[in-house]
Amino acid sequence: MDRNDPPRGAGRISRVTIRVLIADDQQLVRTGFQMILDAQADMEVVATAADGAEAVEHARRLRPDVCLLDIRMPRLDGLEATRLLAGPGVPDPMRVVIVTTFDLDEYVYGALRAGATGFLLKDSGPTLLIEAIRAAAAGDALVSPSVTVRLLEHLARPREGRSRPLVEPLTERELDVVRLVARGRTNQEVAAELFVSLSTVKTHLGSIQGKLGARNRVEIAAWAWESGVVS
């Protein structure tokens, strides 16, 4: 059943619960995602929607931590819903992860430019879905590995040769991290490849974001492509 009322259970204070909204025009997809997410100890689906307009309405009313939006939906598609919830000029933007069957460059590009913090294909599997939600809730971004490199090349193209100036030069180790992020590696994979701890990777990413003025790893990776750090 759809649950479109504010979250229950004021008594659940032992851990932080990530409140999620799911919007997809297919009932089976909504139900499947809800079962996966509600099975996580740190997640709760607080609303589901069958179209983009309903998703925007519920999101504005309930203020979930993460909105999972399909792209092709009736009344209002996922890209327009993303712009309304997280796009430029939105005073208090929400965190949106696009989940779709359509692996098209213009969709990926449009979603992230509209303010999405993640882009997943529906066949990415439950593990990546859960990781993407946790990343979005933490203010990070995750993009399906199958589209990451092509996407970042696409992101770099419109601003080629005009990469943002650095507040302060990156260290050699920070550049190593940037190159791996630009190749679509997760924090765990970066740590393994550089033989450092996960906390060290997170420290480097925080420093890199500050020096680049980047909001998340997608913007870090886009800078890497447009500046020629990776090619």
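1. Contact here means heavy atoms within 4.5 Å. On that basis, among contacts between residues at least 6 apart in sequence, 68% join residues at least 24 apart. This is a predicted model, in which local features need pLDDT of at least 70, side-chain atom pairs count only at pLDDT 80 or more, and totals for chains, interfaces and linings use all residues. Residues are numbered from 1 along each chain as its sequence is written, and side-chain values use heavy atoms, with hydrogens and water left out.

2. Overall make-up. The chain holds 10 helices and six strands. Helices (H or I, at least four residues) and strands (E, at least two) are DSSP runs, numbered from the N terminus. Of the 231 residues in the chain, 51% are buried. Buried means under 20% relative accessible area, exposed means over 50%, and partly exposed lies in between (1.4 Å probe, protein chains only).

3. Asp-70 carries an annotation. UniProt lists this residue for "modified residue: 4-aspartylphosphate", in an unreviewed entry. UniProt positions are given in the numbering used here, feature names are shortened, and annotations may be inferred rather than shown by experiment. In the model, Asp-70 sits in the loop between strand S3 (66-69) and helix H3 (78-86). Its relative accessible area is 4%, so Asp-70 is buried. Setting aside neighbours within four places in sequence, Asp-70 contacts Ala-23, Asp-24, Asp-25, Gly-78, Val-99, Thr-100 and Lys-122.

4. Arg-75 belongs to the loop between S3 and H3. Its relative accessible area is 65%, so Arg-75 is exposed. The backbone deserves a look too. Phi of Arg-75 is near 65°, a positive value in a residue other than glycine.

5. Strand S2 covers residues 43-49, and Ala-49 is found there. Ala-49 counts as buried because its relative accessibility is 0%. Not counting residues up to four places away in sequence, Ala-49 touches Ile-22, Ala-23, Asp-24, Arg-30, Glu-54, Ala-55 and His-58. Asp-25 is 24 residues from Ala-49 in sequence, and the two are 7.6 Å apart in space, C-alpha to C-alpha.

6. Ala-47 is also placed in S2. With 0% relative accessibility, Ala-47 counts as buried. Leu-62 is 15 residues from Ala-47 along the chain, and their C-alpha atoms are separated by 8.3 Å.

7. Helix H5 (residues 126-137) passes a length check. The expected span of a helix is 1.5 Å times one less than its number of residues. The 12 residues of H5 should therefore span 16 Å, and the end C-alpha atoms are 17 Å apart, which agrees. The buried residues of H5 are Leu-128, Leu-129, Ile-130, Ala-132, Ile-133, Ala-135 and Ala-136. Just after H5 comes Gly-139, with a positive phi of about 85°.

8. How do H8 and H9 meet, and at what angle do their axes cross? Two packed helices are described by the angle between their axes and the distance between the axes. For H8 (residues 187-194) and H9 (residues 198-212), the axes come within 9 Å and cross at roughly 110°. H8 is therefore roughly perpendicular to H9. Axes are lines fitted to C-alpha atoms, for helices over the stretch in contact, and angles run from 0 to 180 degrees between N-to-C directions. Angles under 35 degrees count as roughly parallel, over 145 as roughly antiparallel, 65 to 115 as roughly perpendicular and the rest as oblique.

9. Next, the residues behind that crossing. H8 contributes Asn-187, Gln-188, Val-190 and Ala-191 to the contact, and H9 contributes Leu-198, Val-201, Lys-202 and Leu-205. These divide into five nonpolar, two polar and one charged. Ala, Val, Leu, Ile, Met, Phe, Trp, Tyr, Cys and Pro count as nonpolar, Asp, Glu, Lys and Arg as charged, and the others, Gly among them, as polar.

10. Lys-202 lies in H9. At 48% relative accessibility, Lys-202 counts as partly exposed. Ala-191 is 11 residues from Lys-202 along the chain, with 9.3 Å between their C-alpha atoms.

11. Phe-195 lies in the loop between H8 and H9. Is this residue buried or exposed? Phe-195 is exposed, since its relative accessible area is 76%. Although Phe-195 is not a glycine, its phi is positive, at about 55°.
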